Amino acid sequence: MVKFISGKYYLIAPKPNIIVINMCGIIGVIDRTMSRMDGSSIKEALSLMDERGSGEGAGYVAYGIYPDYADCYAIHVFFDNLLEPKTRVDEILKQWGRVVYQEEIPTYEQPDLKREHIPWRYFFKPYTDLMVGTKNPDDDNVKRLVMNINANVEGALIFSSGKDLGVFKASGWPEDVANFYRIEDYKGYIWLAHNRYPTNTSGWWGGAHPFNLLDWSVVHNGEITSYGTNRRYVEGHGYQCTMLTDTEVVAYLFDLLGRRHGLTSEMVVEALAPPFWDEIDEMPEKQQELMRAIRLTYGPALMNGPFAIVVATNDGIVGFSDRIKLRPLVAGENGSRLYISSEEAAIRTMDPDVETIYMPRAGEPVVGRVVE
Amino acid sequence: MTLGSVPLKYRISIDRDQCMKCMRCVDNCSYGVYRIEDDKILIDSRKCTACHRCLSMCPRDAIMLQERPVDYRSHPLWTAEAREDVINQSRTGKIILAGMGNAVDYPIIFDRLVLDACQVTNPSIDPLREPMELRTYIGKKPSRLEFTKSNGDIDLKTNLTPNLKLDTPLMIGHMSYGAISLNAQLSLAKAVAETGTFMGTGEGGMHEAIYPYQDHTIVQIASGRFGVDINYLERGAAIEIKVGQGAKPGIGGHLPGEKVCSDVSCTRMIPLGSDAISPAPHHDIYSIEDLAQLVRSLKEATNWEKPVFVKIAAVHNVAAIAAGIARSSADAVVIDGFRGGTGAAPKVFRDNVGIPIEAAISAVDEKLNDQGIRNEVSIIASGGIRNSGDLAKSIALGADAVYIGTASLIALGCRVCGNCYRGLCPWGIATQKPELVGRIDPEIGSQNVANLIRAWTLELSELMGAAGLNSIESLRGNRERLRGYMLDEGLLDVLKVKSVGA
């Protein structure tokens with residue numbers, strides 16, 4: 001099952017002599033016509049990359065899964081128990097908006113998965129008039145709630161907060177986590193999945209990917225050596241890093257640059273993994289000016305270190321690697337479907353009829369957008 | 001009653017078997033330690049400053065120097081220096097003048113910070129084989145970019161203001177013509193032009209010999225306004241308002257009249273041989289809003305084409321002051337730590353006033369970041385940066401770039417003897433005497449300084465590569481890559497650095 005792993009993709013990295021030991025498997029898919037897929041094939045694809053994980057964390061996110069509550073923020077929470085933490089979260093949510101519906105997320109015991117938390121979901125509508133000083137009161141209200149609860153309510157962790165989407169994650173092997181949540185019961189037009197080999201934080205459920213804030217979800221393979229700089233930058237702009245791992249900062253950077261500053265996904269990628277100055281100096285004048293402006297303005301958002309990342313939002317996905325491609329990333333297309341993954345084998349497992357497979361260059365974004 | 005003489009500070013001895021009486025020591029010592037009588041070299045050790053000029057010129061290594069050859073009764077509080085200062089002041093009734101930086105044995109924070117490197121989970125980057133970006137832009141940056149959309153084309157709406165482009169985050173700080181010689185300044189100017197960086201002119205105006213390198217200079221305006229006119233402002237690549245200096249926070253500059261020769265007097269626009277004592281405050285800056293006005297006036301005078309920096313000494317409230325400066329139109333805040341060098345300062349200031357640069361960088365970076373404006377203004381740090389390790393740590397604590405002063409003079413021969421204010425520098429640096437100034441060949445001097453800049457730049461690249469970083473902006477403020485070793489909790493909190501092992 002694992003014969004396609006390593007070797008192959010490292011050969012296309014600019015410097016094949018660099019040995020990559022830290023592994024994580026990522027895969028993402030979008031159907032650009034928004035036709036919905038159930039979670040069974042992504043489960044199979046992710047399980048194929050078991051070599052890249054250690055059975056200590058796996059997760060999935062799907063967009064378009066809550067059509068009945070599409071205008072509500074679907075807030076997924078890990079509770080340590082349903083007493084104090086839940087009472088406090090209930091209180092805070094009721095203060096800041098209306099809970100349209102809530103329930104425990106259905107789960108199914110797996111022999112090899114230890115239940116550490118109780119996953120719960122709220123469908124929530126914030127009171128718009130409570131937020132001032134923002135053009136985006138709903139989103140900023142929810143963003144503030146997430147930051148506040150995660151930093152201050154012991155025993156509660158919001159791990160998913162977007163509309164019509166949900167993250168499902170836990171400590172365990174991909175197939176166990178998928179079966180625990182029965183992800184084949186959910187149907188979405190975007191899926192991201194991640195198989196974790198943790199180094200920074202051990203098998204804590206909150207530490208598993210995907211990371212999510214509002215509409216942004218991130219799966220990430222690698223280590224962000226610029227984390228200290230990136231973290232300070234987002235913290236200076238109203239975000240709090242509470243997940244004890246470097247990946248969450250990517251979600252906040254996309255939220256800040258993409259949602260609040262209104263940059264396109266391509267431009268956010270240019271800010272996070274920009275071309276080298278030597279390349280910029282050779283560009284036509286107008287492009288040079290733009291790139292210089294991006295690098296100067298968003299220098300603290302530049303991400304260094306080895307990484308391959310797929311970010312999703314409700315209208316598309318974008319995958320990119322670090323500026324010298326120290327982690328593998330491969331893309332595949334079949335009709336309306338775009339796949340981005342650590343491994344070609346995973347894509348072929350999901351879609352044996354995939355038509356084109358290609359390796360994006362270092363820092364080059366692969367973008368898939370829904371067509372209305 | 002007489003106080004008598006104090007013991008010798010240094011004792012010079014000559015190994016007479018080795019000595020070939022070449023007389024180089026006699027010729028080189030500008031302090032008059034050596035003289036010839038009856039074909040014998042006699043020594044007056046009392047005049048020695050430990051500048052090492054004679055030792056470095058002696059072809060036979062025949063000269064030996066010993067510090068404090070005479071013991072006092074040892075006492076932990078009443079050190080020899082403490083006793084001698086009292087004797088000195090009871091004789092003169094004057095302020096003690098001193099040169100170079102803080103000479104008190106305070107703990108050095110840089111030496112209690114360690115850098116990080118990659119192992120396994122993140123590959124280190126080899127700067128010999130991969131791109132490594134040290135390019136640094138100093139100046140105002142927008143908080144965000146705005147675009148206009150027309151026919152599917154996206155155009156940049158935000159205009160960038162002028163920034164200085166540095167090939168390495170290392171500049172040479174302000175040492176005026178007057179404090180140092182023209183040949184010393186020329187050496188520095190050629191070196192920065194060659195290495196793609198900048199130097200400060202200091203508050204002494206700009207001599208015409210520097211004009212060919214003016215695009216690599218930052219012209220300084222201090223409270224004395226020496227040498228300032230519109231031509232001066234227009235010549236510099238940037239303008240710096242000096243409010244304070246780390247070696248002597250709260251007081252103005254001192255240039256003893258001995259160093260004001262005719263050329264210096266012309267460049268500074270002051271009378272020949274007069275002491276140039278800058279006032280303590282700028283007489284047009286009595287508040288932060290006055291400063292903001294001066295920044296705007298300078299920009300207006302130069303058509304908004306030049307970045308304007310504001311330099312302050314690192315004092316207790318440095319973070320709040322820097323935040324005030326950041327809110328003006330200023331492009332960069334320069335913070336000068338209490339170890340910053342000087343040609344002349346009252347010793348009591350040099351040794352007792354101000355805070356270390358490491359804490360100041362962190363406090364300023366933190367304050368600006370908390371206010372969400374850190375990236376909009378640059379931070380330049382100076383005052384006691386000795387090597388590329390200090391440089392890397394300064395950037396990791398939050399600086400955009402550093403100024404070096406003393407290190408660049410050591411590259412020209414300086415041995416940190418601390419007698420700069422006397423105008424007799426035997427290395428031709430802190431003097432205006434033509435026969436001494438001539439000891440520096442700017443062609444050779446500039447190569448030494450350029451070598452130093454290149455060497456630190458190479459080392460910084462290696463340190464960054466080892467930490468898995470290939471661009472300088474990812475090191476800036478990245479305290480995750482620093483750890484404190486034997487620093488107390490209070491200081492760790494100020495530096496926002498974890499302890500080793502954490």
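Predicted model: local features only at pLDDT ≥ 70, side-chain atom pairs only at ≥ 80, totals over all residues.
Residues are numbered from 1 along each chain as its sequence is written, chains are lettered from A and ligands numbered from 1 in the order written. Local features need pLDDT of at least 70, side-chain atom pairs count only at pLDDT 80 or more, and totals for chains, interfaces and linings use all residues.

Colleague: What is the mean pLDDT of chain A?
Modeller: pLDDT is the predictor's confidence in each residue, from 0 to 100. In chain A, 92% of residues reach 70 or more. Over residues 1–22 of chain A it stays under 50. The mean pLDDT of chain A is 88.

Colleague: Which strands stand at the edges of the open sheet of chain A?
Modeller: The sheet has 7 strands in the order β8-β3-β10-β1-β16-β15-β17, with antiparallel pairing. Strands are DSSP runs (E, at least two residues) and helices are too (H or I, at least four), numbered from the N terminus; two strands pair if DSSP finds at least two bridges between them. Each edge strand has a single partner, so one side of it is left without a neighbour in the sheet. The edge strands are β8 (165–170) and β17 (356–358) of chain A.

Colleague: In β16(A), which residue is the bridge partner of E333(A)?
Modeller: Strand β15 (residues 330–334) and strand β16 (residues 337–341) of chain A run antiparallel. They are joined by 5 bridges. The partner of E333(A) in β16(A) is L338(A).

Colleague: At what angle does helix α2 of chain A run to β1(A)?
Modeller: Helix α2 (residues 40–48) lies across β1 (25–31), β3 (58–63) and β10 (190–195) of chain A. Axes are lines fitted to C-alpha atoms, for helices over the stretch in contact, and angles run from 0 to 180 degrees between N-to-C directions. The angle to β1(A) is about 155 degrees.

Colleague: Which residues does the cis peptide bond join?
Modeller: Look in the loop between β10 and β11 (211–213) of chain A, where P210(A) lies. Omega is about -5 degrees. The bond joins H209(A) and P210(A).

Colleague: Is A50(B) buried or exposed, or in between?
Modeller: A50(B) sits in the loop between β3 (40–43) and α2 (53–57) of chain B. Its phi is positive, about 65 degrees, although A50(B) is not a glycine. A residue is buried with 20 or more other C-beta atoms within 10 Å of its own, exposed with 12 or fewer, partly exposed in between; C-beta atoms are placed from the backbone. With 17 such neighbours, A50(B) is partly exposed.

Colleague: Which helix gives the largest share of the side of chain A that touches chain B?
Modeller: Here 34 residues of chain A are in contact with 36 of chain B; contact means C-beta atoms, placed from the backbone, within 7 Å. α6 (227–235), α9 (277–281) and α10 (285–297) of chain A each supply at least two residues of that side. The largest share, 6 residues, comes from α10(A).

Colleague: How many residues has the largest nonpolar core?
Modeller: A nonpolar core is a set of buried Ala, Val, Leu, Ile, Met, Phe, Trp, Tyr and Cys residues joined through C-beta atoms within 7 Å. Those with the most contacts inside this one include V318(B) and V364(B). Helix α14 (residues 442–466) of chain B gives the largest share, 8 residues. The core has 129 residues.

Notes. Contact = placed C-beta atoms within 7 Å.
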